Amino acid sequence: MNDKSFDKDNPILRAALMRGLVSRRSAMMGAAGVGAAAFLAACGSAGKNASTGGASGGVASRTAAAAQDMSDTEKVVNWSNWTEYIDTSEDGKSRPTLDAFQKQTGIKVNYTEDYLDNDEFYAKVRPLLEGGKDTGRDVWCSTDWMVSRLIRQGYVQKLDLANIPNAKNLDDSLKNVEFDPGRQYSLPWQSGFAGIGYNLKATGGKKIESITQLLTDPALKGKVTLLTEMRDTVGLVMMEQGKDISKFTDADFQAAIDMLQQAKDSGQILRFTGNEYTEGLAKGDIAACVAWTGDVVQLQFDNKDIQYALPEKGFTLWSDNFVIPALAKHKKNAEKLIDYYYDPAVMAQVAAWVNYIAPVKGTEEELVKIDPELGKNPLIVPTDEVLARAQVFRGLSTAEETKYNKLFSALTTA
């Protein structure tokens, strides 16, 4: 960062610190869509069934229904996204990249921050999709595992890559994910790691570098938090136990649950959280925790005691992905929007603000032009060696998802 960025009165810094407390993984589980989430909840027009085809099972076992595309006559696109997950002006009154897209294309973007939690958002749109109705949205950003579910159920449409030529800039490591081989239905918006965050003051200067240490070190007893996001918490433990989370078994999952249960029973774990851990970590009430990269980068602006470790045995890599729902009325406009953000210069403006990992090749060079320090941060611009240790949690069948969620819920709520 330049010197101005470390000025506590600087509006950019204040915005960055706010993002650390209210970011894309905001802990809204159970909040059930109060406030902004209500905006488009009732939107929907009658249409064909949301999907056609056989029973769910494999990838793309159902085909999403398409509505008549009104893009050529209606210059609009409706985009739902997570809160605080796009570049914003210093005064907070505008979104520069969105403004530039609208000026460049003449397409008005109705941008709504009503994606507060994957399950909460799904509960809101599923009745419309299941009933063959338009959701009122042309594009939104879902996390990998939710994309897997949406594809399986036929609730999202195939992308027309002829309208997204910049898709060629997708990072090679994200091209052939298990839940969407060849990226027919999704393209990443932002990516990030789940690893270990810790406060050096609270650990007595000790580095915390492995999940085993996090779950067993007596010096951390009662001051450790883990995430309520099952795939990150259990995924990290499975990798610590030497498993590949892209192809684990029921036995592998149970072994990880057993290790977590032992840590909980011993009093090592204070609680399971969403990203409200940021406040406790900054204060030192939490000594160490499973944490997301973007949150920690944002906290580090103001607190040099906050450190981050990517476990040697592996760590989770997740993405939030653009998808276009069944019966979207402005599909081509949505694809033009995605194409715009796959321009490295545009994506760099977003990355400089949200501090997650951009999925677009060439962003690093553009980010350095904006802020040389950000361009060198390995949590924002990871090296090939770091990416080689990252793993993506595999897609789950409906039966697996039910079974694993039940096991994890018993651990986190008991």
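The paragraphs below take up the basis of the model, a helix with the core, and then a cavity.

## Basis of the model

This is a predicted model, in which local features need pLDDT of at least 70 and side-chain atom pairs count only at pLDDT 80 or more, while totals for chains, interfaces and linings use all residues. Residues are numbered from 1 along each chain as its sequence is written, and side-chain values use heavy atoms, with hydrogens and water left out.

Helix H10 (residues 331–341) is largely enclosed by the rest of the structure, because nine of its eleven residues are buried, where buried means under 20% relative accessible area with a 1.4 Å probe, protein chains only. Helices here are DSSP runs of H or I with at least four residues, numbered from the N terminus. Among the buried residues of H10 are Leu337, Ile338 and Tyr341.

Tyr341, together with Trp79 and Trp189, touches the most other members of the largest nonpolar core, which has 121 residues; such a core is a set of buried Ala, Val, Leu, Ile, Met, Phe, Trp, Tyr and Cys residues joined through side-chain atoms within 4.5 Å. Helix H11 (residues 344–354) gives the most to this core, with eight residues.

## The lining of a cavity

The largest cavity is lined by 21 residues, where a cavity is a set of points on a 1 Å grid over the protein atoms alone at which a 1.4 Å probe fits but cannot get out, and lining residues have an atom within 4 Å of a point. Helix H4 gives the most to this lining, with five residues.

Notes
Buried means under 20% relative accessible area, exposed over 50%, partly exposed in between (1.4 Å probe, protein chains only). Helices (H or I, at least four residues) and strands (E, at least two) are DSSP runs, numbered from the N terminus. On a 1 Å grid over the protein atoms alone, a cavity is a set of points where a 1.4 Å probe fits but cannot get out, and a pocket is an open set with protein on both sides within 12 Å along at least five of seven lines; lining residues have an atom within 4 Å of a point.
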